[in-house]
Amino acid sequence: MSYRNRLWVGMMVLAASQFAHAEEFEQHGAHVHGAATMKLALEEGNLVVELESPAMNLVGFEHAPATEAERQQVEKAAVLLNKGEELFGLTPAAGCKLLSAEVDGDVFEYDEDGGKHEEAAHDEHEHGDDEDDHDHHEHGHSDIDASYIFECGDAGKLTAVDVLLFKYFPGLKDLDVQVIGPKGQTAIELSPEKHQINL
Amino acid sequence: MSIYSLTLRSLLNRKTTALLTIFSIAVSVMLLLGVDNIRREAKAGFANTISGADLIVGARSGSVQLLLYSVFRIGNATNNISWHSYQEVAGMKRVKWTIPLSLGDSHRGFRVLGTNTDYFEHFRYGAKRELAFSDGGRFEDVYDAVLGAEVAEKLGYKLGQSVVISHGAGEVSFANHDDKPFKVVGILKKTGTPVDRTVHVSLEGIEAIHLGWDSGAPSGSISAEQARHADLQPKLITAFLVGLDSKLATFTLQRAINNYRGEPLLAILPGVALQELWSMMGVAEVALLAVSAFVVATGLIGMLTVIWSGLNERRREMAILRSVGAKPRHIFVLLMIEAGLMAVCGVLVGVAMLFLTLFAAQPALESYFGLFIGVDPLTVDNLAVLGGIILAGVLIGAAPAYRAYRYSLADGMTIRT
């Protein structure tokens, strides 16, 4: 896949934050430990997967890591979350390759020196330009967002997505998935026992 | 004479009881299959109502509620949304088309939908089918109306007919917009969806009939002609459908709309909301199927009762059979066959009754409830269930068969009482 192609897919996915409006009311996203949401869209050989989960499910806490152990925990989660090919078992015949993985969350924003710089992280975050992040800091909860873009050589052969997140993150118990596939839109609920999405 | 024809003759001898037993099994089978058929058809009907729209946007409420009032015309909106917000979303990148929907008025019990001509352009139902006209065409003038197939059929409306819209959604309304009648310019072909039961007018038309209605009742000061020249730009709509260039952008756009700061909006994926609706109704579905399964069990137990209670009277029959050379095991087989035969007949008659009833009830269901229930052929699952019922019938027959076997051993060729 060429760079240009990749850019195009990126543009498709980023429908842009296009509102000039001033904030006129507050909104608060839901936050349930153990549960997470995932969105999966497949079109013309491109598979986009978005995961949104309370940090609790993936790293076991929701504050900026304070101790060495916590930092390692976060480190480990970040490495795992970036390995899109391992988190999602795609039908091999479809020949899907991970193009990009993006992982974002408050828990990852800490100082490399090891100091507890929650305040700094917080500050930087509030002024971030990403509209989606507003639901993060409320009530001391924080989420982790991850998004993946795959490109499949023969998307017609992609019949199932096995979500292996449950294996790597035992804190995750319940995953609500919204799917846009060749058969249209649907929703499916996954759990550690039932972790396959049939497209 | 084979044991089969012997069984048949024996049953014919008791034909009233046998027929009643078969009938009770048949009714229970019909109920079970009927519930399953209606359940599947209702699902398919819902799923066929909208296709092609990537998102539905309305005031923030629940996703199922938004789906129900915007697409199925069930229930009402909690809030309207501003034209301004609609325009902003319509102008977002990746948005290919939008269809505004303005609900709240009615005509003789049929909902009136205010929209624009994009509706005829982009609305899809079933397998991506477009709306087609059986007569006339799209609305162009402020006071033009396009009728759904069922509206035209039931009210006997033709092109050119004048239609007065009532304020509110009741069957009988006390506030009519009778100073501003609409003219029928088009009649849509049948779709089997709520479109058939909708009167379509332009958003400007909706705006025009409500001019001077600020207090909730007509002040009667603005004539139809005057209204034409007023500012008919709608300020509020109920919801809108969105189609995108790329399905990949659906979630991003959904998030952008849900985070819109000007107004609390809700963007839903129709397919996902429908799935949510099914999971809510799942419990009721299971309950219905469970009840019908129990009815089938009752039918089979009824058969057991009949055979069992008949045994005593048939001891003479058994004795005669024995005297002409039947062994006790023949008696056993005879009764098993009898039970199996009644179960098979019950199932067959039940299936026949199901199809007859469905075909007969179809027009009535459609005209009274707007519910189109197609008649599905039996599914593999259905056949498996029917097989199970027959098997259960034969097994149930084993109990009286064993009793008769014991009797005939004890009685031999003469009845000892």
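1. The model is predicted, and local features need pLDDT of at least 70, side-chain atom pairs count only at pLDDT 80 or more, and totals for chains, interfaces and linings use all residues. Residues are numbered from 1 along each chain as written, chains are lettered from A in the order written, and side-chain values use heavy atoms, without hydrogens and water.

2. Helix α3 of chain A covers residues 68-82; helices are DSSP runs (H or I, at least four residues) and strands likewise (E, at least two). At 1.5 Å a residue, taken times one less than the number of residues, its 15 residues should span 21 Å, and the end C-alpha atoms are 21 Å apart, which agrees.

3. Buried (under 20% relative accessible area, 1.4 Å probe, protein chains only) residues of α3(A) include Glu70(A), Arg71(A), Val74(A) and Leu81(A). The buried residues of α3(A) pack against elements including β2 (46-54), β4 (96-105) and β5 (143-152) of chain A, contact being heavy atoms within 4.5 Å.

4. The axes of α10 (270-311) and α13 (380-411) of chain B come within 10 Å and cross at roughly 20 degrees. Angles under 35 degrees count as roughly parallel, so α10(B) and α13(B) are roughly parallel to each other. Among the residues in this contact are Leu300(B) and Trp308(B) from α10(B), and Ile396(B) and Arg403(B) from α13(B). The contact residues divide into 14 nonpolar, one polar and one charged.

5. Thr250(B) lies in helix α9 (residues 250-258) of chain B and is buried, with a relative accessible area of 0%. Residues touched by Thr250(B), leaving out those up to four places away in sequence, are Ile180(A), Asp54(B), Leu55(B), Leu244(B) and Leu269(B).

Technical notes. Buried < 20%, exposed > 50% of the residue type's maximum accessible area, 1.4 Å probe, protein only. Axes fitted to C-alpha atoms, helices over the stretch in contact; angles between N-to-C directions. Parallel < 35°, antiparallel > 145°, perpendicular 65-115°, else oblique. Nonpolar A, V, L, I, M, F, W, Y, C, P; charged D, E, K, R; others polar.
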